[in-house]
Amino acid sequence: MTRLTDTFARCAAEGRGALVTFVTGGDPTPAATPAILDALVAGGADVIELGMPFTDPMADGPAIELANLRSLAAGTRTADLLAIATAFRARHPQVPLVLMGYANPMVRRGPGWFAHAAAEAGVDGVICVDIPPEEDDALGAALRGAGVDMVRLATPTSDAERLKTIVNGASGFLYYVSVAGITGKQQAQQAAIEEAVTRLRDATDLPIAVGFGVRTPAQASAIARVANGVVVGSAIVEIVATAAAEGRDPAPAVQSFVSDLSAAVRGARQEMAA
């Protein structure tokens, strides 16, 4: 059992979905990120995705793209993210932390180096957007060798045959990208999400977390009724951006928003049963 499997199992035993939150590491500065991560935990996040800033984040919409640029302008490097992860693990030994990003920063020094560094920093899983499952040797094998989960992405266009390849070697959870587009503004219809979750469960026993376009507690609640987890990213990143632009500490606003999300996710199935 890993921290990710333990967490999804605990949430299932509690009769609820897991709240998975995303922020871009180093946004607005590397020094600000630890307090933002602590705010996510205090607000009730069950799993945290820490985005690795990249110059060409092709799957991300404007909010996360701008966060990447702010982070890079602040001088964030891979070493900073690993240091942030190491310190997070010391403060929060039970909360799963997943690095999410693109291949270039992960493999430029070799997959073995990155997998070892991630494991040493206490990272539980990695989501690499632009390495397809057919190229698993580029990173997946090294991660599994280091005891780090390789979290894979499925999309509305992933048919049954393709899903066999996607879930082969995947672990931790399966991230369902609910819209065929970039992160941020779009949201899939609830009926389409429910159909997709049913279809994905025929392909894997991994927990299924649904993301892309989830912006409100009501949306998170609806998804938490049918999926094992709900991923919220751009809405949190926008809160960080607004606070930073106004010269405020982002952490209190992040914690308040995540608290509302957490309450909605935790209460979703109880509302169904009532």
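Strand 1 (18-24), helix 3 (62-73) and strand 3 (97-101) each contribute at least two residues to the lining of the second largest cavity; helices (H or I, at least four residues) and strands (E, at least two) are DSSP runs, numbered from the N terminus. The model is predicted, so that local features need pLDDT of at least 70 and side-chain atom pairs count only at pLDDT 80 or more, while totals for chains, interfaces and linings use all residues. Residues are numbered from 1 along each chain as its sequence is written, and side-chain values use heavy atoms, with hydrogens and water left out.

The lining of the second largest cavity consists of Phe22, Thr24, Gly51, Met52, Pro57, Asp60, Ile64, Asn68, Met100, Gly101, Tyr102 and Val129. A cavity is a set of points on a 1 Å grid over the protein atoms alone where a 1.4 Å probe fits but cannot get out, and lining residues have an atom within 4 Å of a point.

The largest nonpolar core has 62 residues, and Leu40, Val126 and Val232 have the most contacts inside it. Helix 12 (residues 250-273) gives the most to this core, with seven residues. A second, separate core of 21 residues includes Phe22, Ile127, Tyr175 and Val231. Such a core is a set of buried Ala, Val, Leu, Ile, Met, Phe, Trp, Tyr and Cys residues joined through side-chain atoms within 4.5 Å.

Thr78 lies in helix 4 (residues 78-91). Thr78 counts as buried because its relative accessibility is 12%, buried meaning under 20% relative accessible area (1.4 Å probe, protein chains only).

Terms used
Buried means under 20% relative accessible area, exposed over 50%, partly exposed in between (1.4 Å probe, protein chains only). On a 1 Å grid over the protein atoms alone, a cavity is a set of points where a 1.4 Å probe fits but cannot get out, and a pocket is an open set with protein on both sides within 12 Å along at least five of seven lines; lining residues have an atom within 4 Å of a point.
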